[in-house]
Amino acid sequence: MIVVMKPGAKKEDILKVSERLVELGFKTHPIYGQEKTVIGAIGDKKALSAEAIINLPGVEKIVPIMKPYKLVSRELKETPTIIRIGGVPVGGHGLCIMAGPCAVENEEQLLLTAQAIKASGAHILRGGAFKPRTSPYAFQGLEEEGLKMLARVGEQVGLPIVTEVVDTRDVELVAEYADALQIGARNMQNFRLLREAGAAGKPVLLKRGLAATIEEWLMSAEYILDSGNPNVILCERGIRTFETATRFTLDLTAVVVVKENSHLPVIVDPSHGTGNWRLVLPMARASVAAGADGLLIEVHPDPARALCDGPQSLHPENFDRLMGELSPVALAVGRDLAPASFRETAPSPGEAARLKREAM
Ligand code: PEP
Ligand code: MN
């Protein structure tokens, strides 16, 4: 439920309400707005007799949160959340583009990719060191060696890094090197992993499970927020349907539905979502048009020889093309691709016109 404080409620009133809620067994999450403060109170509402709170000084009303997810919901927090990965904002006015190989294979491959994506305007380097493969015989990743390469190359090129953690036992290790932890589609409902990744102190990129409903996905995000970590970025990456023409069915409706129901940023991964590099470009444009806060794109300097997901990986030249094609789409929906340094507010009309001229 949400305890809405009266406009201008005093700090000590807010504190008293929070203390009382904690006494009643609730976890509290105050959100200080410009006009009003609200306190999210998460717990068993049977424990509450409304009088215990409603009569406290400064309280305006108590509103139940109707959705099963609470902390991630728009009901609790109306304004979109901006999350920073190594200083790069995700969820603000600018789009955040994460790119890199499916798997880290060696330092040369990673460095070539990182330099290329940086030159094309990407903001974050991605790459898997622990790979969740369908076959136990497929390349499983370089593990800690791969993490070290990511950290070195990220530093050298000047890009924060995001990489997947597949096992609770590796959370601490991955968090030592990564700027953000990725939870993959296959682990979206690994609740222990969600909690441990949540507690690791780094932002979490939570991919949608390949057979998960949007509500289940948001409930998984709720686990991470409930572990004390508000920094969750959602990533739509395609779901299983009867369709076989593409590897998965990229559900762009999810972008809109998530944005309606949650304040968390949502990005799209058209690489896994389609499984075919030729489809990545149009679906990347469509994702931005639908309102995504960013993209996750697989890029490999030699896709034909990639150890993992070559058919969906873009050659750096095509990634560069994609970035060029995105610019006007971003502008058309009031966003921009500027090297995020790092704009969070909308540009002035004059600056918007200049950006538009540049994009023509
Ligand atoms: C990945 O990003 O490389 C990956 C394995 O993605 P997903 O979990 O979406 O399949
Ligand atoms: Mn992949």
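Reader: Where does Asp-309 lie?
Author: This is a predicted model, in which local features need pLDDT of at least 70, side-chain atom pairs count only at pLDDT 80 or more, and totals for chains, interfaces and linings use all residues. Residues are numbered from 1 along each chain as its sequence is written, chains are lettered from A and ligands numbered from 1 in the order in which they are written, and side-chain values use heavy atoms, leaving out hydrogens and water. Helices (DSSP runs of H or I, at least four residues) and strands (DSSP runs of E, at least two) are numbered from the N terminus. With those elements as landmarks, Asp-309 sits in the loop between β14 and α11.

Reader: Is Asp-309 buried or exposed?
Author: The cut-offs refer to relative accessible area: under 20% is buried, over 50% is exposed, and anything in between is partly exposed (1.4 Å probe, protein chains only). Asp-309 has a relative accessible area of 16%, so this residue counts as buried.

Reader: What is the phi of Asp-309?
Author: Asp-309 is not a glycine, and yet its phi is positive. The angle is about 60°.

Reader: Which residues are the protein donors of the manganese ion (ligand 2)?
Author: Donors are N, O and S atoms within 2.8 Å of the metal (3.2 Å for Na, K and Ca), and sites may look incomplete since water is not among the atoms. Here the donor atoms are SG, NE2, OE and OD, lying 2.1 to 2.4 Å from the ion. They belong to Cys-102, His-272, Glu-298 and Asp-309, respectively.

Reader: How many residues apart are His-272 and Asp-309?
Author: The donor spacing in sequence is C-x169-H-x25-E-x10-D. His-272 belongs to helix α9 (residues 270–274), while Asp-309 is in the loop between β14 (294–298) and α11 (316–332), and the pair links distant parts of the chain. Both are buried, and their separation is 37 residues.

Reader: Which residues that line the second largest pocket are the closest to its centre?
Author: A pocket is found on a 1 Å grid over the protein atoms alone, as an open set of points with protein on both sides within 12 Å along at least five of seven lines; a 1.4 Å probe fits at the points but cannot get out of a cavity, and lining residues have an atom within 4 Å of a point. The volume, which is the space filled by probe spheres set on points joined across faces, edges and corners, is about 260 Å³ for the second largest pocket. Of its 18 lining residues, the closest to the centre are Lys-131, Pro-132, Arg-186, His-272 and Asp-309.

Reader: What volume does the largest pocket have?
Author: Its lining divides into 7 nonpolar, 3 polar and 4 charged residues, where Ala, Val, Leu, Ile, Met, Phe, Trp, Tyr, Cys and Pro count as nonpolar, Asp, Glu, Lys and Arg as charged, and the others, Gly among them, as polar. The volume of the largest pocket is about 350 Å³.

Reader: How many residues of strand β3 are buried?
Author: Strand β3 covers residues 37–42. Thr-37, Ile-39 and Ala-41 point one way, and Val-38, Gly-40 and Ile-42 the other way. Residues on both sides are buried, giving 6 of 6.

Reader: Which residue in β3 is the bridge partner of Pro-30?
Author: Two strands pair if DSSP finds at least two bridges between them. Strand β2 (residues 27–32) pairs with β3 in the antiparallel sense over 6 bridges, and the two form a hairpin with 4 residues between them. In this pairing, the partner of Pro-30 is Ile-39.

Reader: Which residue forms a salt bridge with Arg-208?
Author: A salt bridge is a side-chain nitrogen of Lys or Arg within 4 Å of a carboxyl oxygen of Asp or Glu, and the structure holds 17. For Arg-208 the closest N and O atoms are 2.9 Å apart, and the partner is Glu-236.

Reader: Why does the pair of Arg-208 and Glu-236 tie together parts that are apart in sequence, and how many residues apart are they?
Author: Arg-208 is buried at 4% relative accessible area, and Glu-236 is buried at 0%. Arg-208 lies in the loop between β11 (204–207) and α7 (214–226) and Glu-236 in strand β12 (residues 232–236), so the distance along the sequence is 28 residues.
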